[in-house]
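Dear colleague,

I am passing on the structure we talked about, together with some notes on what came out of going through it. Please look at the sequence and the structure first, and then read on.

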Amino acid sequence: MRVKCTVNGEKHEIDDVWEGESLLYALRERMGLPGSKNACEQGECGSCTVYLDQTPVCACLVAAGQAQDRDIVTVEGLAGEEKLHPVQQAFLEAGAVQCGFCTPGLLVATHDLLEREEQPSDPEIREALAGNLCRCTGYEKILDAVKLAASRKAEAAT
Amino acid sequence: MNTPMTPSPARSDQRLDAPITGRGWSVRDSGRGSHPDTSQPIARTAGGGSRGPDDVDNTVTRTGLVKATSTRMDQSSHSGKVGESPLRPDGTLKVTGEFAYSSDMWLADMLWGATLRSPHPYACIRSVDLTEAVKLPGVYAVLTHEDVPGENLYGLEHADQPVLAVDVVRYQGEAVAIVAADHPETARRAVEKIVVDYEVLEPLVDPEVAAFGDMADDVPRLHPDGNKGGGPEGQGGGKNIVRHLPIRKGNPEATADVVVHGEYEVGMQDQAFLGPESGLAVPAEDGGVDLYIATQWLHVDQKQLCRVLGMPAAKVRLTLAGVGGAFGAREDLSMQAHACLLALHTGKPVKMSYSREESFFGHVHRHPAKMRYEHGANRDGKLVYVKAQIILDGGAYASSTPAVVANAATLGVGPYKVNNVAIDGYGVYTNNPPCGAMRGFGAVQAAFGYESQMDKLADALGMDPVELRIRNAMAEGISMPTGQVVDSAAPVAELLRRVAAMPLPPEPQQDSYDLRQLPGGVSNTTHGEGVRRGVGIAIGIKNVCFSEGFDDYSTAKVRLEVIGGESVAMVHTAAAEVGQGLVTVQAQIARTELGVERVTIHPIDTQIGSGGSTSASRQTYVTGGAVKAACEKVRGRVLKLAAERLGRPAAALRLDGDKVVSDADGVMAALVDVLHEDVVEETVKWRHRPTHPLDPETGQGNAHVQYAFAAHRAVVDVDVDLGLIRVVQLDCAQDVGKAMNPDAVVGQIHGGSAQGLGLAVMEEIQVTDGKVRNPSFTDYLIPTILDMPPMTVDVLELADPHAPYGLRGVGEPPTISSTPAIVAAIRAATGKDLTRVPVQPHHII
Ligand code: FES
Ligand code: FES
């Protein structure tokens, strides 16, 4: 089948999509956007988190066909033309990135959290990121990164 | 072959002629990168991956590649010397999604590989029928062991594992046949169409029976054909023993006032890295193959592949692709040989990427252990003797079992001074999943045994467990159970004191609870009733680097030259960056030794000599040592040049701030003016001081290079009615000799502690009759951000005079002591014995 959708502000049209393909596969293997990661393909790890019409989803659990006429934002779409998004910058500076395989999903999840809640408490951060597995960092510096991003965003807003 | 995608380092500092799959990590970007060799296949990365006009032959891909990054690499413009914490040079690519992991490798005409695996833990193969699989449209190749041109065996220490099974399978998940097709789903369907006729055999799953069962008595010998079977004869006897290592020290008849016995078990833990086993094999025009791969040791992969493919090393070229975590699971081959076989057979690039389920069958795990300990002490708490038997289940193939046995046995009493020791370590073959390297291997299992014993002994003596440990703490100058005298800092007592003195979290308030902070969390299983708090402390010991006389070296090439009017250092090694930050540290060393700001890290590949394994907490030590040594040679030559040009003795000059400086007269010249057109390049093969084999009868010998220590204190809340556990706080004190990059050191301690927490309370591959019951992240649980408590980390820096910069390996120690500390805290909260990890609810209620 053919699927048309918008990804990171650009229109994509992909052909010969097999019904069983996930949005994650379509992004990674058909649209040249491998930033979203596949670490379980089961909705357990959050590495594939993308926005689908402004809602974060596990792209591995969305059929490619369901993306028809929808608007998708992936990790590749977070940064501006010139600068990293504050959430990306904070992950980098806080040391929240080791192997980085969890990072794309965590960035989208954190981006979403800070859209909803400007200054989340620690328990709120933990709850919001509970669906994103990281095997390298023990999460301490991820927590630091989220708080750093929140304070940067607050500074920028004032 | 279609024109491969090429990377275009539009903004990276990639100026090298090498393949760029793994990319060079530029520490400071000037925006002047020149084009790399465009004949190389490359990872397709969004953004920076493709900007050249002639490198994209696929419009869909091009659409995906439009979002180019024009200035992002500038984000990684950070200098930093040894002891500072500059940002990761690959960090910007990782946060923009552009970093090319092995599973992101892509070529327009590539095929997808898939593997048929045995459903049985032990069976004979009567026949394999490929007819239907081959017929499936889109299938390019279906291969079995008959298609292996070289030797059909591989293995880290003993080549005992078939690349593709011949007439027997020894574990569930053993590879039998491989397929290449034009779509991953087609490949999977073809795998399903292969018909294998198995004669199912009774699996041997009890490691004690495997080791000591009577061979005449129906116990099969899993590797009957001598060395092919793995264990060096003489060490394993005639049974399913890969290695038996006895350690004997002092008086075997020693007696003590107080004796405690214990039997302990450690379950099978998985490394559970997030980036699956994956890579891309590309057939080359010279008949060889180029493999882009996530691994821990390129050269040991290469060596094994050469044997399997029947090719010289020059034709089997490996480049490190981005690695999504490793933790030991990438020490053995997984899909490497399969992808190369398929690529060479079809003449097309072949990508393989395991699903999470397949990953559980595709790599070795942490050895499960059964341990019997006996500790004898005087009334004052002084240990008199330790006796132990440690049985490690290596599963179907040897992998690194011999080294795991050595660690468990030589470190089996822990970081304590004990004069009388009798330990027997065994590694055995069974039909369980193969086990090998995982962070802290051997030392992790033993630590759960000896630290549980120390608590039991403290209890029997009526002594404080920290006091008992301090009273027996080893220190510099003592003799280990192997007779090796410890010749650098061993601050065991100090680490215990520090971790014990850290502030405790506030007591839980029964009236103002937050569900999220109680055991069971938002499942709303308690409002505080039935919740008991416990505190536990533990300490562990780990050897750093490879032991027992292994020729453990690393190779580094360092080049200093003027590029675009700036002095630039380039560092090239084959040492695998797996997330730990070795690339950052290499650049820090070059900046420190050469006084330059700009450092480029060359892509990691087999074009240079081996960097050794990224394991045993050894890379900063050994590859760091090699980079330092190569820099020193380069510096010597540059200062000689400067001395000639400036008319000063070289000894009076040094390099700093991209300048040649004299202590007496300050800045003498810019480095660029001294170098001019000269390119100063040195390659060094660097070794740590030698180690020696252990006596096979007594386990005596100077087998280890360096010892490292970490201590943890855990605070837990346990719902004693439901058996639910919440770790409230987990604090760590560790000596690292020299914190080369303090932020990265702390990151290692956090991550290692989390894996120890996982082993303590949740992580286990459940194996019944040789079959894995939980090969998914739904059923194999690793800690989430809700499970990990806040940590306070205290880093000591007591220099080891034998090591570069005085550093001590960092990665493994925190994984070792966190598990027993958490279990001690659960015991304190519940009063239960808890002799097995992971602790499960039914152990508590
Ligand atoms: S890959 Fe989608 S949740 Fe793991
Ligand atoms: S940084 Fe490796 S999984 Fe999170």
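Which residue follows H7(B), and is its phi positive or negative? Please keep in mind throughout that this is a predicted model. The residue that comes after H7(B) is Gly347(B), and its phi is positive, near 70°. The helix itself, H7 of chain B, runs over residues 336-346 and is mostly covered, with nine of its eleven residues buried. Those buried residues are Gln336(B), Ala337(B), His338(B), Ala339(B), Cys340(B), Leu341(B), Leu342(B), Ala343(B) and Thr346(B).

Next, the interface of the two chains. In chain A, 62 residues are in contact with 77 residues of chain B, and the area buried between the two chains is about 5500 Å², with carbon and sulfur atoms giving 56% of that area. The rule finds five salt bridges across this interface; one of the salt bridges joins Glu127(A) to Arg516(B), where the closest N and O atoms are 3.0 Å apart. On the side of chain A that touches chain B, at least two residues each are supplied by strand S2 (10-14) and by the helices H1 (23-30), H2 (86-94), H3 (103-116), H4 (122-128) and H5 (140-157) of chain A. Sorted by class, the residues on that side of chain A are 28 nonpolar, 14 polar and 20 charged.

Chain A can also be considered by its domains. The domain assignment gives domain 1 (3-77) and domain 2 (86-157), and the C-alpha centres of these two domains of chain A lie 22 Å apart. Between them, 13 residues of domain 1 are in contact with 14 residues of domain 2, and the buried area is about 1100 Å², of which carbon and sulfur atoms give 63%. The count of salt bridges between the two domains of chain A is zero, whereas five residue pairs are in polar contact there, again with both residues at pLDDT 80 or more. Strand S3 (residues 49-52) of chain A provides three residues, the largest share of the side of domain 1 that touches domain 2, and by class that side of domain 1 has six nonpolar, five polar and two charged residues.

With best wishes

Conventions
Residues are numbered from 1 along each chain as its sequence is written. Chains are lettered from A and ligands numbered from 1 in the order in which they are written. This is a predicted model: local features need pLDDT of at least 70, side-chain atom pairs count only at pLDDT 80 or more; totals for chains, interfaces and linings use all residues. Side-chain values use heavy atoms; hydrogens and water are left out. Contact means heavy atoms within 4.5 Å. Buried area is the accessible area (1.4 Å probe) that two parts lose on being put together, summed over both. A salt bridge is a side-chain nitrogen of Lys or Arg within 4 Å of a carboxyl oxygen of Asp or Glu. Helices (H or I, at least four residues) and strands (E, at least two) are DSSP runs, numbered from the N terminus. Ala, Val, Leu, Ile, Met, Phe, Trp, Tyr, Cys and Pro count as nonpolar, Asp, Glu, Lys and Arg as charged, and the others, Gly among them, as polar. Domain bounds come from an automatic or database domain assignment. A polar contact is a pair of N or O atoms within 3.5 Å; within protein, one must be able to donate a hydrogen and the other to accept it, and residues adjacent in sequence count only if both atoms are side-chain atoms. Buried means under 20% relative accessible area, exposed over 50%, partly exposed in between (1.4 Å probe, protein chains only).
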